[in-house]
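Hello,

Here is the structure I said I would pass on. My notes on what was found in it follow below.

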Amino acid sequence: MSLLAGFAVVVTEAVIGFYKKIHAINFGIYGATMVGKTTLHHQLRTRGEVPAIQKRTVGRHRATRKSIKLDGEMNTLKTSDIGGEAIYWKEWAKDMQTRKVKYIIFLIDHRHLDKGGNLDHQVAWKFLVDTIVSERWPTGKKKKESDYPLAVSIWANKYDIWGDKHKSDLPIEKHPIFEPFKYGMQKLNDVGIPTHKYIVSAKSEPEAVYQGVFTMIKDY
Ligand SMILES: Nc1nc2c(ncn2[C@@H]2O[C@H](COP(=O)(O)OP(=O)(O)OP(=O)(O)O)[C@@H](O)[C@H]2O)c(=O)[nH]1
Ligand SMILES: [Mg+2]
């Protein structure tokens, strides 16, 4: 490669890098209380082991940017931490509407596997899916094509806790932890929104977290 061509490559890469730094992709992170949403936000902000979070999130926090790097590649996300208790779910809808969220991560954990009667995730998931597939926002405003997300991913979090107890030889997509969410995924697919499944430990696996985010951006 000539010196000039080499210089052009360096400049192009710098421009792409700069663009990716200032151009943030809107992600929405939702899920029932205690699933690990605040933990995931910490992991996106500072790579490493996240200290245990004691406090429940109240309401909707201002959206902030997080630049994440993986294998020399960079992406900048914008996310807002919102409480998972049912009284805050309307804030998820507001977050999607005001920021035109492009990618959604719905976090779950193993509580429904441990206790079949626990429906925390299923009820929250139904609310989320109904809000997404609806032709109108809860405010009554009609949605435009650009108001729909590009993809929705279910992340089964806290693998470090449940991985051994709920071992499965099946591929990730077939793991029983995702079973109750099938119908909702089908509803999303029916309106043209692709779905994705992922297993992770947001608290202790930065690499897996970043890989999950990069996969969503690349594949959808
Ligand atoms: N072992 C383990 N614990 C986790 C993981 N992710 C989150 N936790 C713990 O789960 C608890 C709840 O995590 P949070 O991040 O506060 O959950 P949240 O979804 O923000 O909860 P709300 O704010 O109430 O909606 C905390 O004690 C975390 O330390 C994980 O991957 N592994
Ligand atoms: Mg929280």
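**Ligand surroundings**

In this predicted model, ligand 1 is surrounded by 22 residues, and the closest are Gly 36, Thr 38, Thr 57, Gly 84 and Lys 203. Two elements give two or more residues to this shell: α2 (37-45) and α6 (159-162). The largest share, three residues, comes from α2. Sorted by class, the shell around ligand 1 holds ten polar, six nonpolar and six charged residues.

**The sheet**

Six strands make up an open sheet with mixed pairing, in the order β2-β3-β1-β4-β5-β6. At its edges stand β2 (64-70) and β6 (195-199); each has a single partner strand, so one side of each has no neighbour in the sheet. On average, neighbouring strands are turned by 30 degrees against each other, direction ignored.

**Strand pairs**

β2 and β3 are antiparallel and joined by seven bridges. Lys 69 has Met 74 in β3 as its bridge partner. The two strands β2 and β3 form a hairpin with two residues between them, and Asp 71 in the turn has a positive phi of about 45 degrees.

β3 (residues 73-79) also pairs with β1 (residues 25-30), here in the parallel sense and over two bridges. Asn 26 stands opposite Lys 78 in β3.

Further along the sheet, β4 (residues 103-108) and β5 (residues 151-156) run parallel and are joined by six bridges. In this pair, Ile 108 stands opposite Ala 156 in β5.

Regards

Notes
Residues numbered from 1 in each chain as written. Chains lettered and ligands numbered in written order. Predicted model: local features only at pLDDT ≥ 70, side-chain atom pairs only at ≥ 80, totals over all residues. Near = placed C-beta within 6 Å. Helix = DSSP H or I, 4+ residues; strand = E, 2+ residues; numbered from the N terminus. Nonpolar A, V, L, I, M, F, W, Y, C, P; charged D, E, K, R; others polar. Pairing = 2+ DSSP bridges. Axes fitted to C-alpha atoms, helices over the stretch in contact; angles between N-to-C directions.
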